Each structure stands twice: as C-alpha cells, then as structure tokens.
Amino acid sequence: MPRPPAPAPLPPPARALLLAGLLALCAPAGAAGDDADAAAAPRAAPAPRPTRFDALIEAAARRHRLDPALIHAMIRAESGYDPRAVSHRGALGLMQLMPATAAELGLAEPFDPAANIDAGSRYLRRQLDRFHNLSLVMAAYYAGAQPVLAAGRRVPADPDVRRYVVRVIEYYFNRKGIPTGRP
C-alpha cells in the first residue's frame with residue numbers, strides 16, 4: 001500500500017496553537033487554572049545551545065531520515081545529555097534504551113554515545129513509521145507500542161506517559177525556535 005504524502009508544514013503560529021491544544025489534552029484534569037492567559041501569549045524560544053553530540057545526532061538524523069531537533073529533544077528528555085545515564089527502571093545511555101530493546105536493536109555498548117544515538121534513532125524511526133503521529137511516537141518510545149495500541153492508537157491515559165509526551169514535544173518546539181506559550 002503506498003504511503004500517504006507528508007502534510008505541509010504548519011506555520012509557526014499554527015504550531016504554537018497545536019502545541020497549546022496538545023498541552024491542554026495531556027494536562028491532568030483541573031491543571032489549567034490561571035495558566036490560560038500564559039498559553040495565549042506565546043514567547044520566543046531561546047536559541048538551541050550546541051552540544052558535544054551534535055555531529056553524531058546530525059549523522060543519525062540523516063541515516064534514519066529524522067529531524068535532528070527531534071533527536072535532541074529525545075536526548076534532553078531522556079538523559080539530559082548524560083551518556084552514562086541509567087534510569088530507575090534500567091534504561092541506559094543518552095536515549096535511555098531498555099536492555100531488551102537495546103539487544104533487539106543489536107546495541108552491544110549502550111554507553112557509547114554514537115552507538116546509543118544510532119540505535120535510539122532507529123527505534124524512533126520504527127515508531128514513526130508505525131504511528132505517523134508525533135504524540136503517539138513519543139508515547140510508544142516511552143511506554144512501548146502495545147500500550148498505544150491498547151489505547152486505540154491514542155496516547156495512553158497514564159499521567160507519566162502524558163507528561164513525557166508534552167515534555168518532549170515542548171523540547172522539540174523549543175529546539176526548532178517555535179514558541180510554546182508556556183512560561
């Protein structure tokens with residue numbers, strides 16, 4: 001079956017509105033409060049800072065047909081750019097791959113930045129090819145594809161998953177210089 005054409009990119013004001021809507025959908029009930037005024041006035045995102053992993057991220061982005069800003073957002077959310085990071089659940093390295101996922105991807109050394117970024121980018125591409133929706137891709141990267149499928153191809157109701165999706169998308173928009181409307 002042929003793949004549908006990619007949608008045209010949204011102009012920055014529309015992206016900001018889209019993010020505001022996503023943030024509202026993923027926020028816990030009753031969390032909007034007085035922040036509605038803050039969401040109405042987008043603020044400029046700071047310019048992204050260079051990292052020592054930029055060349056590795058650029059190469060992985062080219063190899064796996066990904067936006068480097070998305071890989072940066074993932075790494076920032078997952079490990080804060082710490083190549084030796086280990087989560088309380090056992091996820092490893094910059095892109096915080098679980099040992100079983102790392103093994104499935106053939107990642108022998110999860111703390112090697114180049115190998116971890118490449119494997120994490122391959123996994124990210126796999127989720128993107130499966131779900132074709134950034135929110136679902138982020139949810140599947142964080143929680144696995146099964147919870148997204150079980151939720152009817154929606155972001156699962158789990159508050160941790162929803163917070164993660166919002167955080168990565170905010171980091172992504174910030175990296176792209178798109179105002180998010182969040183203080």
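Colleague: Before we start, what should I know about the numbering and the pLDDT limits?
Modeller: Residues count from 1 along each chain as its sequence is written, and side-chain values use heavy atoms, leaving out hydrogens and water. As this is a predicted model, totals for chains, interfaces and linings use all residues, local features need pLDDT of at least 70, and side-chain atom pairs count only at pLDDT 80 or more.

Colleague: How many helices and strands does the protein have?
Modeller: Helices (H or I, at least four residues) and strands (E, at least two) are DSSP runs, numbered from the N terminus. Going along from the N terminus, the elements read α-α-α-α-α-α-α-α-α. So by that DSSP definition the count is nine helices and zero strands.

Colleague: What share of the residues is buried?
Modeller: Buried means under 20% relative accessible area, exposed means over 50%, and partly exposed is in between (1.4 Å probe, protein chains only). Of the 183 residues in the protein, the buried share is 41%.

Colleague: And how much of the accessible surface belongs to carbon and sulfur atoms?
Modeller: The areas come from the Shrake-Rupley method with a 1.4 Å probe, and for residues only the protein chains shown count as cover. The protein's accessible surface is about 10,100 Å², and the carbon and sulfur part is 58%.

Colleague: Are α6 and α7 oblique or roughly perpendicular to each other?
Modeller: Axes are lines fitted to C-alpha atoms, for helices over the stretch in contact, with angles from 0 to 180 degrees between N-to-C directions. Helix α6 (residues 113-131) packs on helix α7 (residues 134-143) at about 130°, with the axes 9 Å apart. Angles under 35 degrees count as roughly parallel, over 145 as roughly antiparallel, 65 to 115 as roughly perpendicular and the rest as oblique. That's why α6 and α7 count as oblique.

Colleague: Which residues of α7 make that contact with α6?
Modeller: On the α6 side you have Gly120, Tyr123, Leu124, Gln127, Leu128 and Phe131. Sorted by class, the contact of α6 with α7 has nine nonpolar, two polar and no charged residues; Ala, Val, Leu, Ile, Met, Phe, Trp, Tyr, Cys and Pro count as nonpolar, Asp, Glu, Lys and Arg as charged, and the others, Gly among them, as polar. The α7 side is Leu136, Val137, Met138, Ala140 and Tyr141.

Colleague: Is Gln127 buried or exposed?
Modeller: Gln127 sits in helix α6. Leaving aside neighbours within four places in sequence, Gln127 touches His132, Val137, Ala140, Tyr141 and Ala145. Its relative accessibility is 3%, so Gln127 counts as buried.

Colleague: His132 turned up in that list; what is its phi?
Modeller: His132 lies in the loop between α6 and α7, and at 49% relative accessible area it is partly exposed. Although His132 is not a glycine, its phi is positive, at about 55°.

Colleague: Where is Arg65 found, and is it buried or exposed?
Modeller: Arg65 also isn't a glycine, yet has a positive phi of about 55°. Look for Arg65 in the loop between α3 (54-64) and α4 (68-79). With a relative accessible area of 54%, Arg65 is exposed.

Colleague: How are α4 and α6 oriented, oblique or roughly perpendicular?
Modeller: Leu70, Ile71, Met74 and Ile75 in α4 meet Ile117, Ser121 and Leu124 in α6. By class, this contact has six nonpolar, one polar and no charged residues. The axes come within 11 Å and cross at roughly 110°, and α4 and α6 are therefore roughly perpendicular.

Colleague: Which residues does Tyr172 contact, leaving aside its neighbours within four places in sequence?
Modeller: Tyr172 lies in helix α9 (residues 159-176) and is buried, at 15% relative accessible area. Its C-alpha atom is 9.5 Å from that of Arg76, which is 96 residues apart along the chain. Beyond the sequence neighbours, Tyr172 is in contact with Asp67, Ala69, Leu70, Ala73 and Leu134.

Methods:
Contact means heavy atoms within 4.5 Å.
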